[in-house]
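Subject: Structure handover

Hello,

Here is the structure I promised you. Please open it first, then read my notes below.

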Amino acid sequence: MGEDLELGLGLVGKKNFNPSRYLAFSSSSSDGSRITRRAGLTARIPPPTTRGRGGGGGSASLKGCCCCLFLLLTFLALLAVAVVLVVVLVVKPRKPQFDLQQVSVQYLLVASPSSSSSSSPSDSSSAYLSLNITLLFTAENPNKVGIRYGPTAFDVMYRGVPLGVAAVPGFEQPAHSTRLVQTRFSVDRFNVLQSDALDLLRDAALNDRVDLRLTGDVDANIRLLGFTSPRVRVSVDCAIAISPRRQSLTYKQCGVDGVNL
């Protein structure tokens with residue numbers, strides 16, 4: 001077969017070569033190769049090979065996209081860190097201050113289940129507390145930017161026993177400003193049981209003093225150029241004492257325990 005192919009190619013190189021005299025007839029074999037015959041010359045031309053397309057290129061393109069995505073995410077993370085550092089260094093955020101400015105007592109009543117005059121604090125196993133007070137808080141923003149406060153619920157307790165919740169709606173406060181926030185708390189005939197009832201009756205009848213505690217978490221966000229910072233949680237703890245006879249406030253202390261990011 002190799003000699004036939006070589007001979008055929010040699011004829012092409014002759015000076016007086018006439019292609020029409022050597023008309024070839026072609027046919028295809030079962031393996032896809034082409035067989036050419038002319039005047040006893042036979043040439044087998046193998047089928048063209050087909051190279052794979054898209055395999056290596058697709059893998060390289062996928063790797064390039066993943067690399068670009070990783071670089072983009074890294075850049076965004078570094079940009080966010082840079083913005084936070086600029087805000088911290090320029091604004092220098094400080095925690096807001098909350099103070100219980102005033103407590104107005106509408107009424108405070110402590111009663112035992114028995115209304116007979118012979119009953120005493122020592123022989124009662126329960127007591128009822130009715131309370132209606134108005135709380136006036138002072139919110140101070142010492143920062144260079146405004147602050148947005150979320151709704152807050154202060155728990156009102158007597159000796160660790162929850163009496164109810166004093167709700168404060170959310171509000172916004174400008175920079176370097178002080179704002180008064182008012183809320184009202186009331187409870188009607190709250191049943192204080194066992195040892196706490198004895199302490200309540202004794203405090204009201206003998207000491208003319210009922211100690212209450214207000215605790216709650218205030219959520220705040222710093223606002224700068226239309227952006228809102230992550231939430232800052234401020235824990236508030238206030239202690240007050242009310243005189244049942246005078247129906248007035250005799251003691252108060254309120255402060256911020258700490259700031260939790």
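The accessible surface of the protein chain is about 16,700 Å². Carbon and sulfur atoms account for 57% of that surface. Accessible areas come from the Shrake-Rupley method with a 1.4 Å probe, and for residues only the protein chains shown count as cover.

A word on the source. This is a predicted model, where local features need pLDDT of at least 70, side-chain atom pairs count only at pLDDT 80 or more, and totals for chains, interfaces and linings use all residues. Residues are numbered from 1 along each chain as its sequence is written, and side-chain values use heavy atoms, with hydrogens and water left out.

Now the overall picture. The protein chain has 3 helices and 14 strands. These are DSSP runs numbered from the N terminus: helices are H or I with at least four residues, strands are E with at least two. Of the 261 residues, 31% are buried. Buried means under 20% relative accessible area, exposed means over 50%, and partly exposed is in between (1.4 Å probe, protein chains only). Take the contacts (heavy atoms within 4.5 Å) between residues at least 6 apart in sequence: 64% of them join residues at least 24 apart.

Next, look at Pro151. This residue sits in the loop between strand 6 (146-149) and strand 7 (152-158). Pro151 is exposed, at 70% relative accessible area. Beyond its neighbours within four places in sequence, Pro151 touches Val168, Pro169 and Gly170. Pro151 and Pro169 are 18 residues apart in sequence, yet their C-alpha atoms are 4.5 Å apart.

Then the charged pairs. Side chains of opposite charge can pair when their charged atoms come close. A salt bridge here is a side-chain nitrogen of Lys or Arg within 4 Å of a carboxyl oxygen of Asp or Glu. The count is 7 salt bridges.

One of them joins Arg148 and Glu172 (2.6 Å, N to O). Arg148 lies in strand 6 and Glu172 in strand 9 (residues 171-173), so this pair ties together parts 24 residues apart in sequence. Both are partly exposed: Arg148 at 42%, Glu172 at 38%.

Arg159 also pairs with Asp203 (3.1 Å, N to O). Asp203 lies in helix 3 and Arg159 in the loop between strand 7 and strand 8, so the pair ties together parts 44 residues apart in sequence. Asp203 is buried, at 9%. Shared partners join Arg159, Asp199, Arg202 and Asp203 into one salt-bridge network.

Best wishes
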